[in-house]
Amino acid sequence: MASILPRAGFRAFTALPRAAALPRVSIASKLPRAQPLAQPIARRFVSNIPQEQPRLRLGSTAPNFKAQTTHGEIDFHEFIGDSWAILFSHPADFTPVCTTELGAFARLKGEFDQRGVKMIGLSADKLDSHGEWVKDINEVGNTNVQFPIIADPDRKVAFLYDMIDQRDLDNIAEKGIPFTIRAVFIIDPAKKIRLTMLYPASTGRNSAEVLRVIDALQTADKKGIATPIDWTVGEDVIVPPSVSTEDAKKKFGEVRELKPYLRYTKA
């Protein structure tokens with residue numbers, strides 16, 4: 001192909017001095033180095049979640065722990081001693097449902113004392129918050145909270161007793177650290193879990209039902225009987241299937257038989 005430049009012009013063009021090569025500059029080296037982002041609270045919390053929750057079956061030993069409470073540091077098993085105990089949890093301080101519940105339990109302290117039951121609450125906030133909240137509970141509930149309330153801001157006890165809503169764990173990146181659900185654990189003097197109740201945060205508990213089931217458990221232990229639905233102290237109880245009618249009459253006296261497997265007697 002013929003050149004578009006005359007031969008003489010081409011020689012003059014190629015004789016021009018070459019431009020010096022520009023120094024190679026790295027753009028990345030000139031940009032400010034990004035600082036590492038602080039780890040989100042939710043992510044930090046996720047790393048502390050136990051991989052496996054304890055199996056809190058009825059009859060299993062209640063896990064022991066040490067914690068700060070409004071009455072000072074406690075060892076849970078030492079706190080129980082030779083008594084029955086009720087551990088009940090709350091999602092947070094200064095919340096409406098929790099405030100009504102704590103007031104109700106505080107007013108019933110005498111009833112729990114008569115049954116030999118120690119009370120201890122738990123709320124997923126810090127200790128200084130508990131102290132201020134108790135003032136509100138006493139004012140609103142016209143009572144005087146005398147039992148300790150555990151401070152559990154890191155949810156260590158909440159996870160130990162599996163008092164966490166699964167939906168909070170599934171959405172932890174969005175919601176952050178999960179709240180504690182409303183749980184009730186009734187524990188006997190041998191430190192065995194005898195009964196549990198689990199409620200969502202939106203639903204307040206029935207304090208009379210807590211007393212009723214304690215009565216049922218203690219009566220069953222003392223008398224060797226079972227209790228029918230809605231049973232309260234003073235009503236007829238059920239003879240267990242393991243006891244023959246003849247032996248039941250020797251032990252309890254009068255036995256009212258509706259079916260061979262359904263027999264009533266006096267406690």
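Visitor: What counts as a helix here, and where is Cys 98 placed?

Guide: Helices are DSSP runs of H or I with at least four residues, numbered from the N terminus. This is a predicted model. In it, Cys 98 sits in helix α5, which spans residues 96–107.

Visitor: Which residue does UniProt list as "active site"?

Guide: The unreviewed UniProt entry lists Cys 98 under that heading. Such annotations may be inferred rather than shown by experiment.

Visitor: Is Cys 98 buried or exposed?

Guide: Read the relative accessible area against the cut-off: under 20% is buried. Cys 98 has 0%, so Cys 98 is buried.

Visitor: Which residues does Cys 98 touch, beyond those up to four places away in sequence?

Guide: The list is His 90, Pro 91, Ala 92, Trp 133 and Arg 182.

Visitor: Now the core. Which members of the largest nonpolar core touch the most other members?

Guide: A nonpolar core joins buried residues of set types through side-chain atoms within 4.5 Å. The largest one here has 26 residues. Ile 86, Phe 88, Phe 105, Phe 112, Phe 147 and Ile 186 touch the most other members.

Visitor: Which elements give two or more residues to this core?

Guide: The strands are β3 (84–90), β4 (117–123), β6 (182–187) and β7 (193–199). The helices are α5, α7 (127–141) and α11 (207–223). Helix α11 gives the most, with five residues. Another core, of 23 residues, lies apart from this one; Ala 67, Ile 74, Leu 122 and Ile 193 are among its members.

Visitor: Take Ile 186. Where does it lie, and what does it touch?

Guide: Ile 186 lies in strand β6. Its relative accessible area is 1%, so Ile 186 is buried. Set aside residues up to four places away in sequence. Ile 186 then touches Trp 84 and Ala 85, a run of Lys 192, Ile 193, Arg 194 and Leu 195, and also Val 210, Val 213, Ile 214 and Leu 217.

Visitor: What separates the C-alpha atoms of Ile 186 and Thr 196?

Guide: The separation is 6.4 Å, with the two residues 10 apart along the chain.

Visitor: What classes make up the lining of the largest pocket?

Guide: Seven lining residues are nonpolar, three are polar and five are charged.

Methods
Residues numbered from 1 in each chain as written. Predicted model: local features only at pLDDT ≥ 70, side-chain atom pairs only at ≥ 80, totals over all residues. Heavy atoms only, no water. Buried < 20%, exposed > 50% of the residue type's maximum accessible area, 1.4 Å probe, protein only. Contact = heavy atoms within 4.5 Å. Nonpolar A, V, L, I, M, F, W, Y, C, P; charged D, E, K, R; others polar.
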